[in-house]
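This report describes the structure displayed here, taking one residue, one element and the question of model confidence in turn.

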Amino acid sequence: MAKPPPAVLSAMVSAVRHHGLDTRLGSRLFAPDNWHQSLSSRYFVEARLLDRLLRAGDRVSAVMCPMTLNRINSGRPTTGRMHWAFQAHGDPKELKALRLAIQAALLAEGLDAPSTPTPHVTISYLAPSPLPSQQIEPIDWTIDEILLVEGGGAPYRYRPIATWPLAAPPYPYAQLRLL
């Protein structure tokens, strides 16, 4: 997964509050410290699998990924649950490349890697109703590291097991906007 740095997370929390979504969700709001961009499927780990996941992380070679979150909305209910999530503007090519690099690394370690998640950050897995798209002030986030985490506990939290930095791009992202 990738987790937003403090300044990005603060902007995300402000956007949720600005639209009153924290009040509407109440206890159904996923703890902001857990907000993340998924980059692979979920695995239930045992010792041998953990070693393979760590080796897969070591195999990943990708550049930092710019992403702009520009709205909050609900997707189609899955397994009877309604999700509300930040959505990104488009699907940046660097993020696609990162997801494919992670998928290839997992496959190289003999792990099933069926999922390549879309650019989004879930704020509730148990929302009470569909949410019309809420436009927000764009939040720019450059994903500069990936994490292997373990989830659990009460309250539920993600505990980092390992992190891997992503390479700097061969060009400044700011220049891309000028072209």
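## Surroundings of Gln37

In this predicted model, Gln37 touches Met1, Ala2, Met67, Pro117, Thr118, Pro119, His120, Val121, Trp141 and Ile143, leaving aside residues up to four places away in sequence.

Gln37 belongs to the loop between helix 2 and helix 3 (47–59). Its relative accessible area is 0%, so Gln37 counts as buried. From this position, the side chain of Gln37 reaches the backbone oxygen of Thr118 at 3.0 Å.

## Helix 1

Helix 1 comprises 13 residues and spans 18 Å from its first C-alpha to its last, close to the 18 Å expected at 1.5 Å a residue. Its buried residues are Val8, Leu9, Met12, Val13, Ala15 and Val16. Viewed down the helix axis, these residues fall within an arc of 160° and therefore line one face of helix 1.

The cover over the buried residues of helix 1 includes helix 2 (21–25), strand 1 (65–74), strand 2 (84–88), strand 3 (120–124) and strand 4 (134–143). On the face turned away from the buried side are the exposed residues Pro6, Ala7, Arg17 and His18. Just after helix 1, Gly20 adopts a positive phi of about 70°.

## Confidence

The chain has a mean pLDDT of 90, with 93% of its residues at 70 or more. Among its elements, helix 1 (residues 6–18) has the highest mean pLDDT (98) and helix 5 (residues 173–178) the lowest (49).

Over residues 175–179, pLDDT stays under 50, and the model has 3 contacts beyond four places in sequence for them. Where pLDDT is low, predicted coordinates should not be read in detail.

Terms used: Residues numbered from 1 in each chain as written. Predicted model: local features only at pLDDT ≥ 70, side-chain atom pairs only at ≥ 80, totals over all residues. Heavy atoms only, no water. pLDDT = per-residue confidence, 0-100. Helix = DSSP H or I, 4+ residues; strand = E, 2+ residues; numbered from the N terminus. Contact = heavy atoms within 4.5 Å. Expected span 1.5 Å × (residues − 1). Buried < 20%, exposed > 50% of the residue type's maximum accessible area, 1.4 Å probe, protein only. Arc of directions from axis to C-beta. Polar contact = N/O pair within 3.5 Å; in protein donor to acceptor, adjacent residues only side chain to side chain.
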